[in-house]
Amino acid sequence: MVSTSTEVQQDTRFFGHPRGLANLFGVEMWERFSYYGMLGILPIYLYYEVSQGGLALPKASALGIVGAYGGMVYLSAVIGAWVADRVLGSERTLFYSAILIMIGHISLAVLPGLAGIGVGLACVAIGSGGLKSNATTIVGTLYAKGDERRDGGFTIFYMGINLGGFVGPLLTGLAQSEIGFHVGFGLAAVGMALGLIQYTIGRKNLGEKASEIPNPLPASRRPLVFGGTVAGVAAIVLLVVFGVINPENLVDVVVGAVAIISVIYFVVIITSKKITSEERSRVYSFIPMFIASAAFFSLYQQQFTVVAAYTDERLNRTIFGWEMPVAWVNSINPVFIILFAPVIAAIWTKLGSRQPSSPIKFVLGTVTMGAAFLLFLPMVGSGKNASPLLALAGILFVFTMAELMLSPVGLSLSTKLAPEAFRTQMVALNFLSISLGTAMSGKLAEYYTVDDEAPYFSIVGGVAIVVGVALLVATPMIRKLMKGVH
């Protein structure tokens, strides 16, 4: 028997919450386990020598690929949201995305060389984007409008995200360092398989609303969309096969594509006759914050590019005579998020109407992120694997504080500023700012070298602070364009 939406919303079988929340908690936890577990070992797999089990790519290209991959995940989140809204519904999109993720991790584990990287990262990127954009949506369908359990349910759900993000790098990193890279990738595949199994068993607990297609694509347009998708995929495959898109320029292609798509999105919304002059003003106000968000994430996402290389070559990872795996550093940030996200949320709640406006929160996040990069400067020149682990943990704490000031605000703000006719597209623009920034984290990493770190950390950190200050100066104008939105 399939549960109805009303039955789901009155369900209290999971610590007072609907039983479906446990299912979504589990699939998201295992997806993050596999995603961050794989990402923790991916950079060093790409640039380590063949004798170390790696692919021996130039380090700049390797870090660029990691950034491009991250950018594709967030770009795929936009595509996944569209597929759910127009074709499959959130529940089925999530299910098929989870299968695709598992296939991707298996490909990384068993296919040799760049073939495994190409197939594996493409599948994981598309799958993670589809799952990311729909799991949160389905959590929302578990609760009736006005249900006071909603915020608590999302809190439990996000704990699953960070639990997976914490454990994943620990286990895959240990497997990689003790046995080998492909065992680490295989462990990520096992994690996703476990998540898929438990999700499949509990699909019936999600209710009918999770399977609804909000804005079905007319049957007459389906052949055109299907044909366009096939042609697009075929074109990308041909460009890769003939070397037009290659490991050296992949990050440039992704940065360019996301930038063009973002501009098109803004133009379509701003020039639409479906929006009022007040709504158009609010869309204009989002442009400088889109830029600030992209700048922020171009630094924040370097946890998986520059910080990964720094951990490998500059960090003293020896603990009581035992060398900590490189990937373990990626587990530091989730711990800080688990500890301090409730604190920051409580502060904003306590301040109420006195809390900083959204543009000021963006300023605080961007400037703090720039300052975090300047904190690397005292360790410049300390020698190979000589930087203190505690110092890097402190820097990652600053990363986390910056994230908590900006990242949750971006999604909320995009919904507040969205015109009635373009609510989904404005949320998509927020994802695109993250996609652009993440891809840029790979592009910037191409300029990083352990032999000349001071200019890199100084310039990148300094530019972020300048962006934040410029946003501060523009805040009065932005507030005016926001038309009353705080």
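A residue counts as buried when its relative accessible area is under 20%. Arg317 has a relative accessible area of 7%, so this residue is buried. These values come from a predicted model.

Arg317 forms a salt bridge with Glu323. The closest N and O atoms of the pair are 3.9 Å apart.

In total, the structure holds 10 salt bridges. Another of them joins the side chains of Glu91 and Arg203, with an N to O distance of 2.6 Å. Glu91 belongs to helix α4, which covers residues 90-110. Arg203 sits in the loop between α7 (181-202) and α8. The two parts are 112 residues apart in sequence, so the pair ties together separate parts of the chain. Glu91 is buried, at a relative accessible area of 6%. Arg203 is partly exposed, at 27%.

A further salt bridge lies within one helix. The side chains of Glu278 and Arg282 meet at 3.5 Å, N to O. Both residues are in helix α10, which spans residues 277-300. They are 4 residues apart, about one turn of the helix. Glu278 has a relative accessible area of 40% and is partly exposed. Arg282 has a value of 18%, under the 20% limit, and is therefore buried.

Helix packing was examined for α2 and α6. Helix α2 comprises residues 19-47, and helix α6 comprises residues 150-178. The two pack at an angle of about 35°. Their axes are 6 Å apart. The crossing of α2 past α6 is right-handed. In this contact, 17 residues are nonpolar, 9 are polar and 2 are charged.

The surface carries a nonpolar patch of about 680 Å². Val233, Val237, Leu238, Leu239, Val241, Phe242 and Val244 make up this patch. Val233 is placed in helix α8, which runs over residues 222-241. Its relative accessible area is 48%, so Val233 is partly exposed.

Notes: Residues are numbered from 1 along each chain as its sequence is written. This is a predicted model: local features need pLDDT of at least 70, side-chain atom pairs count only at pLDDT 80 or more; totals for chains, interfaces and linings use all residues. Side-chain values use heavy atoms; hydrogens and water are left out. Patches are made of residues with over 30% relative accessible area and no salt bridge: like charges are joined within 9 Å, nonpolar side chains (Val, Leu, Ile, Met, Phe, Trp, Tyr) within 5 Å. Accessible areas come from the Shrake-Rupley method with a 1.4 Å probe; for residues, only the protein chains shown count as cover. A salt bridge is a side-chain nitrogen of Lys or Arg within 4 Å of a carboxyl oxygen of Asp or Glu. Buried means under 20% relative accessible area, exposed over 50%, partly exposed in between (1.4 Å probe, protein chains only). Axes are lines fitted to C-alpha atoms, for helices over the stretch in contact, and angles run from 0 to 180 degrees between N-to-C directions. A crossing is left-handed if the near helix is turned anticlockwise from the far one by less than a right angle, and right-handed if clockwise. Ala, Val, Leu, Ile, Met, Phe, Trp, Tyr, Cys and Pro count as nonpolar, Asp, Glu, Lys and Arg as charged, and the others, Gly among them, as polar.
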